[in-house]
Amino acid sequence: MKAIVFYEQGEIDKLVYQDHPDPEIDVDEILVKVGACAVNRLDLNARSYRPEIQVFPHILGSDIAGEVIEIGLKVNTVDIGDRVVLSPNIPCEKCRDCLSGAENLCDYQQLLGFQTHGGYAELVKAPAQNAIGISERLSYPNAAALPIAYLTAWHMLVTRAEIKSDDDILILATGSGVGSAGLQIAKLHGARVFAASSTNEKLDRAKKTGADFAINYKETDFMEAVLELTEGRGVDVVFEHVGAATWDQSIASLAKNGRLVTCGATTGNIGEINIRKMYQKQITLLGSALGTITELRAIVDLVDQGKLTPIIDSVLPLADAYRSHQIMEKRENFGKICLIP
């Protein structure tokens with residue numbers, strides 16, 4: 001098969017398009033002909049420096065949709081010819097978290113394309129339990145856009161922050177995959193959305209997607225803009241995934257009883273907090289990581305019903321994976337970038 005591989009970590013030029021041995025499945029696995037694989041910032045980090053990448057050459061790609069072309073001897077939940085999207089998390093299925101249905105908390109979990117080979121290839125293998133059937137109405141790029149970005153955003157807003165229809169929600173870096181997913185999910189639940197992004201072009205797209213207010217954080221302090229737009233009250237929820245660079249402003253943007261939910265720290269892991277202000281305003285800080293396969297099934301159903309529409313920035317040939325990393329590094333995308341073998 002053809003695949004994008006890298007033999008050592010480093011810059012984009014480490015990505016190589018070449019022949020690679022076809023995966024060999026185990027008795028409880030399936031082989032999928034990749035229809036589309038979406039690109040995540042995690043891919044850039046894995047290519048660059050993440051220590052979890054230990055076996056080389058490595059194939060990236062956690063967001064995968066395609067057709068099942070082979071099944072293991074013990075597989076009875078998936079058939080050859082099924083159209084599927086793959087849940088990216090491979091849990092141990094034995095620990096307390098897995099047995100309680102919270103497999104995204106599993107200490108032994110692996111991620112497709114991270115600890116294993118992924119979807120930057122013509123073929124990929126995965127546990128049969130990770131396969132979720134999709135209808136003909138859902139294209140492979142739209143399906144591939146869902147696992148990391150939409151699942152993460154759903155778990156953040158619906159499960160952790162428990163958003164309500166009368167909430168005001170600030171979404172940072174709205175043009176990113178998880179940010180654009182968060183915007184859609186917030187609007188689906190009837191919330192009022194304050195979209196913050198770095199360019200007016202991205203903010204125009206955010207408004208077309210449903211954002212009620214648009215804030216260019218390159219031109220203005222987004223915290224001051226939020227307080228002005230809410231007449232000093234602040235927002236009920238801050239959707240945070242930028243990290244150290246925005247942490248203080250994010251907390252200051254919260255109303256009394258506000259909730260900050262975060263899934264990442266792109267600009268740094270360490271942020272400070274004024275403890276007095278936190279307890280006086282009764283602020284809640286929530287961490288969030290990925291989500292469960294049950295949540296992903298719910299998201300797939302909503303997309304199939306037309307209640308959510310994945311936002312796709314661009315679709316590129318697999319051989320041009322380097323270009324997808326360039327776009328994402330420069331933060332030029334609004335929504336997901338997908339690769340097609």
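A residue is called buried when its relative accessible area is under 20%, exposed when that area is over 50%, and partly exposed in between, using a 1.4 Å probe and protein chains only. This is a predicted model, in which local features need pLDDT of at least 70 and side-chain atom pairs count only at pLDDT 80 or more, while totals for chains, interfaces and linings use all residues. Residues are numbered from 1 along each chain as its sequence is written, and side-chain values use heavy atoms, with hydrogens and water left out.

**Stop 1: serine 288**

Select serine 288, in the loop between strand 15 (284-287) and helix 10 (293-304). Helices (H or I, at least four residues) and strands (E, at least two) are DSSP runs, numbered from the N terminus. Because its relative accessibility is 10%, serine 288 counts as buried. Contact means heavy atoms within 4.5 Å. Beyond residues up to four places away in sequence, serine 288 touches Thr152, His155, Met156, Arg160, Val261, Thr262 and Cys263.

**Stop 2: the largest pocket**

A pocket is an open set of points on a 1 Å grid over the protein atoms alone, where a 1.4 Å probe fits, with protein on both sides within 12 Å along at least five of seven lines; lining residues have an atom within 4 Å of a point. The largest one has a volume of about 1,500 Å³, a volume being the space filled by probe spheres set on the points, which are joined across faces, edges and corners. To centre your view, select Arg41, Leu42, Cys263, Gly264 and Thr266, the closest to the pocket's centre of its 50 lining residues. Next, colour helix 1 (41-48), strand 7 (110-111), helix 4 (146-160) and helix 5 (177-188), the elements that give two or more residues to this lining.

What classes of residue line the largest pocket? There are 19 nonpolar, 23 polar and 8 charged. Here Ala, Val, Leu, Ile, Met, Phe, Trp, Tyr, Cys and Pro count as nonpolar, Asp, Glu, Lys and Arg as charged, and the others, Gly among them, as polar.

**Stop 3: helix 1 against helix 11**

Show side chains for Arg41, Asp43, Leu44 and Arg47 of helix 1 and His325, Met328 and Glu329 of helix 11, which make the contact.

**Stop 4**

Pick cysteine 338 in strand 17 (residues 336-340). Is cysteine 338 buried or exposed? With a relative accessible area of 0%, cysteine 338 is buried.

Now move to proline 317 in strand 16 (residues 312-317). Proline 317 is partly exposed, at 42%, and touches Leu339 and Ile340, leaving aside neighbours within four places.

**Stop 4: backbone details**

Most residues other than glycine have a negative phi, and most peptide bonds are trans. Look at the bond from phenylalanine 56 to proline 57, which is cis, with omega near 0°. Alanine 173 has a positive phi of about 50° and is buried at 17%. Finish at arginine 331, where phi is near 55°, in the loop between helix 11 and strand 17.
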